[in-house]
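I opened my notebook and went through this protein one spot at a time. Come along and check each entry with me.

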Amino acid sequence: MKKLISAFLFMMVGNTFSQSVPKTILLLPDTGQTTSYTATFGEDNDYTINTPSYTNNNDGTITDNVTGLMWQQVDGGEMTIENAHIYCDNLVLANYSDWRLPTPMEAYSILNQQKNNPAMNTVYFPSSGAEYWWTVTYQAGDNTKVWVTNAGGGIGNHPKTETVSAGGSHQFHVRAVRDVTPTTTLPNHFTDNGDGSITDNLTQLVWQKVPNTSALTWEQALSYAEGLVLAGASDWRLPNIKELQSLNDETLTNPSVNTTFFTTIGVKNYWSSTTLLPNPSNLTSAWYWNTQFGITTYDTKTNTNYVICVRGIPTTLANHLVSTENSKDNVIINPFTSKIQISTTNENDYYQLYDAKGISIFKGDHIEKEDFSSLANGVYFLKINNAQSIELIKR
């Protein structure tokens, strides 16, 4: 029996807590790092996850095909953070007037760690001389500092007076973004799976709940992650720097993480699998994430830092096939338009389709006969039998 499906599978089991989160990106893009810098398996380029992909709309805008966001192609130049807000509020570009400043995760998503100064795909985003780009977020408890991405590939909290227009000596530019589809709200950001792992429902990544308690060198961190067996899984790996940064909560400090779920993460430096590219002759450093505020920066690979491992559906998306332990279902990855396709050996599957607010849209055993073309674009959830749930993004 063949029936229809989309896109991202995760298990809705264990404990959930009420911690809603807006979902403005479809998927988290890869860092773009494609070169190997060690013989030890597990570095960034060993995993290609949601390869960066853009469309030039030839109207001054770029669509990110991974996140679904639309970006201003040429940034708006240097200005204060206050003027950046005004600029985005008043921007009319490509006949759109709903431009805004990006969140830290959104701004970080278009950086490319295979490049440097700027760490960006300049085929789509021309170099402008910017050293930093503003985000919409101020540092928690300190409105004199703002989260910004930088041309070297990092993200951090900087005094807003550092920009030239505020009397400083650095180039802080603005690049506006807009939502192509309406923002949805996930009722639960994280799910504790009750087996030593945490699912991030925003990115579909699954995280080690309790990080490794011993500091390791970068090479040791790669080996540790590749050898980890936890929650009945052995496909754990060292996360890339974008994945690590996605855990950050800029409303929190010391640590900048939801400690209801990550109770022992503490204030530490956590290695990523991503190598720093200062220049071709010096590749001895790697990116790490610091949980005091949540900045991403780098350290020499022979120094020791901590490790939190990751796994999940994004590592298998390239295979276009997901197998679940609790059933014999094989889920074919394809866009959710008006049909949902499932390849299964179970003739008695029962389906329930919900919208992002949890309202039931369909229930029954003949989902392949339903027409969903009238549904508005957005996030939907398909529950099959008991515990299996699939997130569907209609676009």
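Is N58 buried or exposed? I looked it up: N58 counts as exposed, at 70% relative accessibility. My cut-offs are buried for under 20% relative accessible area, exposed for over 50%, and partly exposed in between (1.4 Å probe, protein chains only).

**Ground rules.** I am reading a predicted model, where local features need pLDDT of at least 70, side-chain atom pairs count only at pLDDT 80 or more, and totals for chains, interfaces and linings use all residues. Residues are numbered from 1 along each chain as its sequence is written, and side-chain values use heavy atoms, with hydrogens and water left out.

**Confidence.** I checked pLDDT, the predictor's confidence in each residue, from 0 to 100. The protein has a mean pLDDT of 84, with 78% of its residues at 70 or more. For residues 1-17 the pLDDT stays under 50, and the model gives them 80 contacts beyond four places in sequence; a contact means heavy atoms within 4.5 Å. Residues 314-334 also have pLDDT below 50, with 54 contacts beyond near neighbours in sequence. I left myself a reminder: where pLDDT is low, the predicted coordinates should not be read in detail.

**Two positive phi values.** Back to N58, which sits in the loop between β5 (54-56) and β6 (61-64). Its phi is positive, about 60 degrees, although N58 is not a glycine. I took strands as DSSP runs of E, at least two residues, and helices as runs of H or I, at least four, numbered from the N terminus. Then I turned to Q204, in the loop between β15 (197-200) and β16 (205-208). Q204 is not a glycine either, and its phi is near 70 degrees. Q204 is buried, with a relative accessible area of 2%.

**Two cis bonds.** I found a cis peptide bond between N117 and P118, with omega about 5 degrees. P118 belongs to the loop between α2 and β8. The bond from N254 to P255 is cis too, with omega near 5 degrees. P255 lies in the loop between α4 and β17 (269-275).

**Helix α1.** Which residues of α1 (residues 81-90) are buried? I noted I81, A84 and C88. The buried residues pack against β8 (132-139) and β9 (142-150). On the other side of α1, I saw that D89 and N90 are exposed.

**Y306.** I located Y306 in the loop between β19 (296-300) and β20 (310-312). Y306 is partly exposed, at 23% relative accessible area. Leaving out residues up to four places away in sequence, Y306 touches several residues, including N212, K268 and W271.

**A pocket lining.** My last stop was the second largest pocket, which is lined by 23 residues. V21, H189, L202, N248 and E250 lie nearest its centre. The elements giving two or more residues to this lining are β4 (21-23), α2 (104-109) and α4 (241-246). I used this rule: on a 1 Å grid over the protein atoms alone, a pocket is an open set of points where a 1.4 Å probe fits, with protein on both sides within 12 Å along at least five of seven lines, and lining residues have an atom within 4 Å of a point.
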